[in-house]
Amino acid sequence: MLITSDTRPTASEISAWIIAAAVLIFVLLFHLLPALLAGLLVFELVHIISPWFARHLPGQRSKFIAVGLLSFTVITLLTLASVGLIAFFRSDAGSLTLLFDKMAEILESSRQIFPAWLLTSLPPDAEAFRLAITTWLRAHAAELQLAGKEAGRLAAHVLIGMIIGGMLALREVVPMDHYKPLARAMAERAQRIGLAFRRIVFAQVRIASINALFTAIYLVVILPLAGVHLPLTKTMIAITFLAGLIPVIGNLMSNSVIVIVSLSQSLNIAIGSLVFLILIHKLEYFLNARIVGSQIHARAWELLIAMLLMESIFGLTGVVAAPIYYAYIKDELVGRGWV
């Protein structure tokens, strides 16, 4: 339990805030956000599960061994899940290349049903659409880490981050040393950052799962019952879940993909998909306010402003980091009784 205070901050606390801000900015400037998120994910998962072992295992040594094995298991499962996800998107069933090609073909074949004002904003043909996607991906390669060299470095960063997270989880098992004032203030900053990560990411995972579930019901159950079979439904469901991990913006991205693919059937199906997805989006907006907003004392428009500012400074990496960073800042302010 973090202690709130409305007293004047000490020199140690001010120094800890400056150091924490410098570290968080450093993480973004040097593309270390994946490592940070991976480490926090392992640490928080172990932190949530380990109390069960602490209650059922006698002795400090047994607890240390159990948490060590738990950390190794969590890291292994997360690594296998990542490998499986990459394999899925490279397979024929989940190929992103096939999805982009299909979207390009659909847009080209559906140009005659679009109004004139919309045609001016669309690529003239499928090849231009593919070129636009390729250009965009190249322009954001640093953020997306899609190039082969960057993907290898990203994997190394993520693995190292998970190992560090596991080691820090082990550190919590042994008795804590008596911290000096600055070390104590830094430990509290780290605790607040971890709490902000848990509140945002774990809540967003639940929201993304619910969003993906309703989307799967629509794509796999409702549309087939109506005699409509969209291509690449597995890929779209996976994209819906992964994009849903990014608050608000991710939902718009996945919705755009589904509506465009729905055009392969008819304009009416595309409109029906849009209406259904808007309803899901309204549900997600309510869940954001209920699950995320209530935990960090922030409304959806606050998160959107934070994401907009972070994107303008750090690009797509800033969009991912913004909710966590904002939740941490808000927690610091609430903890001091300033807001």
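A nonpolar core is a set of buried Ala, Val, Leu, Ile, Met, Phe, Trp, Tyr and Cys residues joined through side-chain atoms within 4.5 Å. Buried means under 20% relative accessible area, exposed over 50%, and partly exposed in between (1.4 Å probe, protein chains only). The model is predicted: local features need pLDDT of at least 70, side-chain atom pairs count only at pLDDT 80 or more, and totals for chains, interfaces and linings use all residues. Residues are numbered from 1 along each chain as its sequence is written, and side-chain values use heavy atoms, with hydrogens and water left out.

**Exercise 1. Describe the overall make-up of the protein.**

Step 1. Count the elements. There are 14 helices and 0 strands. Helices (H or I, at least four residues) and strands (E, at least two) are DSSP runs, numbered from the N terminus.

Step 2. Check burial. Of 339 residues, 38% count as buried.

Step 3. Turn to contacts, meaning heavy atoms within 4.5 Å. Among contacts with a separation of 6 or more, 76% join residues 24 or more positions apart.

**Exercise 2. Find the largest nonpolar core and its contributors.**

Step 1. The largest nonpolar core has 22 residues. Those with the most contacts inside it are L28, M310, A321, Y325 and Y328.

Step 2. Assign elements. Two or more residues each come from α1, α2 (33-56), α9 (181-225), α13 (300-314) and α14. Helix α14 gives the most, with 7 residues.

Step 3. Zoom in on Y325. Leaving aside neighbours within four places in sequence, Y325 is in contact with L24, V27, L28, L36 and M310.

**Exercise 3. How do α1 and α14 pack against each other?**

Step 1. Helix α1 covers residues 11-29 and α14 covers residues 316-335. Their angle is about 170°, with the axes 11 Å apart. Axes are lines fitted to C-alpha atoms, for helices over the stretch in contact, and angles run from 0 to 180 degrees between N-to-C directions.

Step 2. Classify the angle. Under 35 degrees counts as roughly parallel, over 145 as roughly antiparallel, 65 to 115 as roughly perpendicular and the rest as oblique. The two helices are therefore roughly antiparallel.

Step 3. List the contact residues. Helix α1 supplies W17, A20, L24, V27 and L28; α14 supplies T317, A321, Y325, Y328 and E332.

Step 4. Sort by class. The contact has 8 nonpolar, 1 polar and 1 charged residues. Ala, Val, Leu, Ile, Met, Phe, Trp, Tyr, Cys and Pro count as nonpolar, Asp, Glu, Lys and Arg as charged, and the others, Gly among them, as polar.

**Exercise 4. Is E332 buried or exposed, and what does E332 touch?**

Step 1. E332 is found in helix α14.

Step 2. With a relative accessible area of 7%, E332 is buried.

Step 3. Not counting residues up to four places away in sequence, E332 touches W17, R189 and R192.
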